[in-house]
Amino acid sequence: MSRKPELRGRAARLARLIPSGPGQAARTPFVLLVVFLLGGGLIVLLVLNSALSEGAFKLDDLQEDTKSLTDEEQALQRDVDAYSAPDALQRRARELGMVPGGDPAFLNPDGTVRGVPEAAQRSSVRVPMVLRPEKPDSTPKPKLPLMSTPSKRPPTTPGR
């Protein structure tokens, strides 16, 4: 008794467009498509996560390199500051035999001299002795050790 009612007119024409065969499409291609999409998505996420963690490791290594190079730069800057301090410059100049200059004289634009030039006075400044460079020997010299070992002598105290 479950008979389909007969359609007439416009409904009959529309009913002819709908297939009257089995009502279920094949599910296998759709299931495979969904599985491949999910699997592909998981693989893409895995590759993306690996790339991000590799970048994080590189960033960490670069930060360590930057820190060590910054420390080295600061140590070198301290050395430069120590060598360019006025007392260090004066000491090095005296070691090289330089003496403080006298009062300077200046030339005016018209060519006249303003001031009285004086020669620098050589006081009790020690002049370093310059030795001739040695000629290289044909015999090989023994190599020195890279690190010296500290002596094991007990420190001497005055008054004993």
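Residues are described as buried when their relative accessible area is under 20%, as exposed when it is over 50%, and as partly exposed in between, with a 1.4 Å probe and protein chains only. The structure is a predicted model, in which local features need pLDDT of at least 70 and side-chain atom pairs count only at pLDDT 80 or more, whereas totals for chains, interfaces and linings use all residues. Residues are numbered from 1 along each chain as its sequence is written, and side-chain values use heavy atoms, with hydrogens and water left out.

The chain contains 3 helices and 2 strands, arranged along the sequence as α-α-α-β-β; helices (H or I, at least four residues) and strands (E, at least two) are DSSP runs numbered from the N terminus. Of the 160 residues in the chain, 2% are buried. Where contacts (heavy atoms within 4.5 Å) join residues at least 6 apart in sequence, 27% of them link residues at least 24 apart.

Helix α2 spans residues 28-83 and includes Val31, which counts as partly exposed because its relative accessibility is 46%. Val31 also belongs to a nonpolar surface patch of about 690 Å², made together with Phe30, Leu33, Val34, Val35, Leu37 and Leu38. Asp61 likewise lies in helix α2 and, since its relative accessibility is 44%, counts as partly exposed.

Note on methods:
Patches are made of residues with over 30% relative accessible area and no salt bridge: like charges are joined within 9 Å, nonpolar side chains (Val, Leu, Ile, Met, Phe, Trp, Tyr) within 5 Å. Accessible areas come from the Shrake-Rupley method with a 1.4 Å probe; for residues, only the protein chains shown count as cover. A salt bridge is a side-chain nitrogen of Lys or Arg within 4 Å of a carboxyl oxygen of Asp or Glu.
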